Each structure stands twice: as structure tokens, then as C-alpha cells.
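Colleague: Hi, I'd like to go through this structure with you. Could you put it up?

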Amino acid sequence: MADDYVRRTAITRLSVDGEQRELLEETISEWKRGCQLATDIAWGRCNAKSDVQPLAYDDVREHTGLGSQHAILATHQAAEAITGCLEHRSNGKKVSKPTFTAPTVTYDTRTMTLFDDDTVSLTTTESRVRCPLALPDADDGYQRQYLDSDEWSVTESTLTARDGDYFLHIGFRRPKTDTERNTAEDGTVLGVDLGMENLAVTSTASFVSGRELTHNLREFETVRAGLQQTGTRSAHRTLEQSSGRELRYIRDVLHRASNAIVNEALRYECDVIAFEDLTHIRDRTGASWGHKWAFRTLSEQVEYKAEAEGIAVKQVGSAYTSKRCAECGFTANENRLTRDDFRCVKCGAEANADYNAAKNIGMRYVRRGQQSSRRTGNSQLALKSGTVTPSGGFTAHPEGFEAEFMDKSHPPRANPPG
């Protein structure tokens, strides 16, 4: 299962000669044709890999120059694209049939071989080409930790043409360790709340604004809806260009946000980053499909980057995290004054509503760990000024970390409501 593996990607440029360049260019062209052909055949009929492959494989083989394995991979790529469109449609969005214009081609272990002399052999439409990886001169380049390790094995990879050069995004994976598969024992937890006004807020009071992303998502959705309604070929080309710009912009925003969250976890020496369960986040926040996709992508990016630092990423139930007081545990609709403001009607504690929710999310994970047979109940929640346990125990951070009212220690409650 995919969840049993840690995955990484190492990007390196290829050193190719004129003949190899022509073969790779032809292969990319045929790959796009094969993916499009498979999509044209399957669109409106099926979307699962197990259905698209038998339906479209023979046509892809007959009408393109792709070999048998690349024809199979093209049908899988078509299935993935169609499934993505169906997810849009299920959320009430108008969708167009996918088109393949990106100068890429997918490789797997049958169509690509890495050698110990830092060369790679790639299947093309005519023959295999073997070319050097243009690796950094330094032996400690980040690619080396995967290329030179027996722990990591090569998996599905992507060849991309850009500005006259060819880049290989080499996929690697290794089995997760028992610690990575299981809950981190007795660790420090960073709670993270996701939303639209604030894309992410941590239990250590780090805020990542979501206003610009929300504004641009709405603009993109308006433009996309208009172009889809027009339906002309010119509008379709414009839609492709607009979608490409949109995706690059969103990924850049999410890249910076995920870095900020992981850096916050490192700063506070956290062992776990806890998000709310994303299943119902659209209902809770009123988020659009674009926002829901952004939340999911952000969570995946954080997991990817956190794992590299030895930090686990977990999800907890989101019920009442926005209405529960992180200080005394009292839960009521009246606690949430406005979208931004939280004031507990029982103890009077005040906070930014998203910050209060982030602490509830993190503490929910800490409490869940106390019920696990694998743990001794010594987990703690990371706050801006220190760490706190469910029993009310507080440990201040070393000098240099700021304190604030909402982080102070409070007497434990036997059975806090909610």
C-alpha cells in the first residue's frame, strides 16, 4: 500500500546529444497523443485504471509510436485525469474533457533503468537511449542520499522538457519504519487549523494569511466558468493557459505555507504535526472545491516535508474545535463571537478563533495518545510560550520565546465538557 512507503523525488538534468534529443522529443509527443487518445475513448464511459486500460490500450498501440508498457502507462494517466474531472463535477463544477499539452512523459521501472555510473537508460518510441545524469559536482548533493542508498528504491518517475533541457524527476521510495507507521511516542505536538481567512494557524500562534489565496481562487473560478461557458476552441486554449498559471500560483503559495508549518514544528522541536480531519472541512468552512483541494495539497506537502525531518503528520476529528474553549474546555455556540473572535462565556478567555481551534486540534491528538497502549501519556502540546499537558502541567520555553495570556497554565478539570 502507498501509505506504507516514504516517497521522495530527486530532480536532475540529463546530458543528451542531438540524436537522443530527437528521440526524447518524439517520445514526449507520442506520449501526449497516447494520453489524449485514451481520454477521448474513455471520456463519458469509464475512469478506473482497470476499465480504461482494456478499453483504450489497443488503439493507443495502433495509432501511436508508444511501446506496450508506455501505452499502459498512458491509459493510467488518462484514468487519473478523468477521475480528477469527475471530482470537480461532483462538486457542482462544469468540466471539460482533459487535454494533454505538458511536455512530459511518465517512466516506471520497466521503461527506465538507473546505473551505478550515474547514467540512465530510457525507453523511447524507437530504441533505448542511455545518457548521463548531470549531477552537482559536490558528492554531498541531495540526490546522492537516494542514488547511493540501498534503503531507497526507484519508482515511477517523470521526464520533463523545459527551455531546451530535459529534466528527470526520479521517484524513490522506502518502507516506513515502525516509528513512522505508528504514533510518535510521548512527543510534542503542533496543532494546525486550516481556513480561508487564515490559511493555516498553529498552536504556537504562527499565522499564514489566506486572503490573497482566497481572492485569487475566486478570480480564477470566475474566469474559468466564463471560458467554459463560451465553449469555443480559442476559449479552451485560454482555459488551458489560465489553468496552468493558476496551478503554478497555488502550488507556490502552498509550498511557502508548508515550509512555514514545518519550520515552526522544527523551531519548537515537535514530534507530531496534527491537522483536523479534512473530510468535512468544506462543510465546516464553506470552502469552495478549490479551497478543499488546496487544503488537501497543503496537508500532503507538509507530510512530505515533515517526514524528511522525522516529524509525523496525523489527523484528528474536527468536531467542536471551533466552539470549544482551549482553556477550560467549555463548549458552546456562544463562544464564537465572530469569524475571527473567540470568547468563552464560562471562563472569559479570549483569543483569535483560529488560534483557539489550533490548540484544540493539537490537544485532541495529545489526549488520544493517552488512550493508546503504545504510549505512557507524556505527550504535550506546543504553545508559543511553552508546552502544556492535558492535566494542566506547563513547562516554559527557554528564554527568547514570547509568552502570552492564552498560554498560561490553568488548574486541571476532572471532566471538561466537549
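Colleague: What pLDDT does the protein chain average?
Modeller: The average is 80, and 76% of the residues score at least 70. pLDDT is the predictor's confidence in each residue, from 0 to 100. This is a predicted model, where local features need pLDDT of at least 70 and side-chain atom pairs count only at pLDDT 80 or more, while totals for chains, interfaces and linings use all residues. Residues are numbered from 1 along each chain as its sequence is written, and side-chain values use heavy atoms, with hydrogens and water left out.

Colleague: Okay, how many helices and strands are there in the chain?
Modeller: The protein chain has 10 helices and 17 strands. These are DSSP runs numbered from the N terminus: helices are H or I with at least four residues, strands E with at least two.

Colleague: Which strand order does the open sheet have?
Modeller: Its seven strands run β2-β6-β7-β1-β5-β4-β3, with antiparallel pairing. Two strands pair if DSSP finds at least two bridges between them.

Colleague: And why is one side of β2 and of β3 left without a neighbour?
Modeller: β2 (104–107) and β3 (112–114) are at the edges with a single partner strand each, so one side of each has no neighbour in the sheet.

Colleague: How many bridges join β1 and β7?
Modeller: Nine, in the antiparallel sense, between β1 (residues 5–14) and β7 (residues 165–175). R7 stands opposite R173 in β7.

Colleague: New topic: how much of the chain is buried?
Modeller: Of its 418 residues, 46% count as buried, meaning under 20% relative accessible area (1.4 Å probe, protein chains only).

Notes
Buried means under 20% relative accessible area, exposed over 50%, partly exposed in between (1.4 Å probe, protein chains only).
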